[in-house]
Amino acid sequence: MAKVIRRVAWSLAALIVLTLALLGSMVRVEIHANGDAVAAPARAVSADRTAALQEVPVATGASADMRASGETAVADAGQPPHLVLPVQGVKAGDLYDSWGDPRGDGTRGHTGIDIMAPGGTPVLAAAPGTIEKLYFSHGGGGITIYERSTDGKWSFYYAHLGGYAPGIVEGKQVAAGDPIAYVGDTGNAGAGNHHLHFGVSRIEAGQGWWQGTPVNPYPLLAEAQSGG
Ligand SMILES: [Zn+2]
């Protein structure tokens with residue numbers, strides 16, 4: 001009889017231990033679920049993006065060759081062309097990396113580099129390409145140029161210009177170092193604050209001159225040659 005009681009007691013003890021272990025793991029699972037709740041949407045978005053990317057070749061019925069060349073294009077887009085310093089007389093050592101500096105009373109980060117120079121200093125094409133757009137933005141870049149690189153994958157933005165060099169029109173092809181404009185203080189540069197705002201953006205196929213993903217020009221210009 002004592003044996004039976006002992007066996008029942010042991011079984012009860014084992015049951016209690018198992019129940020506690022099970023409750024413990026359930027609590028942990030809940031904590032994990034809550035912790036993941038924040039990260040889950042991000043993963044869902046990236047999964048959607050991946051799906052969208054994968055769907056494009058399928059939906060358009062692109063051949064394996066086209067898909068392969070698309071992948072190559074993405075890999076090639078990693079390196080922008082070698083740049084010439086876009087303000088005459090300025091050397092790489094004169095540059096200050098102002099990427100990300102607060103602008104608009106801290107509401108946004110600076111997406112380019114400001115190259116200080118006297119008003120009227122020639123602005124030079126940083127790389128070979130096509131003058132894609134001559135644009136005026138009163139409260140922004142003022143007199144500006146958007147140039148597209150020869151391979152079409154990069155956009156160069158020149159802003160706060162004092163004016164355009166003779167012969168600069170949309171569609172004109174330029175070589176690296178060609179004079180395209182003059183340093184000014186137009187737009188929101190601030191009166192007398194003469195400088196070139198220079199931006200570099202990565203452009204995906206089909207994107208327009210106003211689009212693209214800005215990258216920091218400073219490391220590209222730090223090894224650039226003086227344009228004159
Ligand atoms: Zn700027």
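**Exercise 1. Which pattern does the protein chain follow, read along the sequence?**

Solution. The model is predicted: local features need pLDDT of at least 70, side-chain atom pairs count only at pLDDT 80 or more, and totals for chains, interfaces and linings use all residues. Residues are numbered from 1 along each chain as its sequence is written.

Step 1. Helices (H or I, at least four residues) and strands (E, at least two) are taken as DSSP runs and numbered from the N terminus.
Step 2. The protein chain holds 3 helices and 11 strands.
Step 3. In sequence order they give α-α-β-β-β-β-β-β-β-β-β-β-β-α.

**Exercise 2. State what share of the protein chain is buried, and what share of its contacts join residues at least 24 apart.**

Solution.
Step 1. A residue is buried if 20 or more other C-beta atoms lie within 10 Å of its own, exposed if 12 or fewer, and partly exposed in between, with C-beta atoms placed from the backbone.
Step 2. Of the 228 residues in the protein chain, 27% are buried.
Step 3. Contact requires C-beta atoms, placed from the backbone, within 7 Å.
Step 4. Of the contacts between residues at least 6 apart in sequence, 65% join residues at least 24 apart.

**Exercise 3. Locate Asp105 and His160, and determine whether each is buried or exposed.**

Solution.
Step 1. Asp105 occupies the loop between strand E1 (102–103) and strand E2 (108–109). Its phi is positive, about 55 degrees, although Asp105 is not a glycine.
Step 2. Asp105 is exposed because 6 other C-beta atoms lie within 10 Å.
Step 3. His160 belongs to strand E7 (residues 154–164). Phi of His160, also not a glycine, is positive and near 65 degrees.
Step 4. His160 has 28 C-beta neighbours inside 10 Å and therefore counts as buried.

Technical notes: Contact = placed C-beta atoms within 7 Å.
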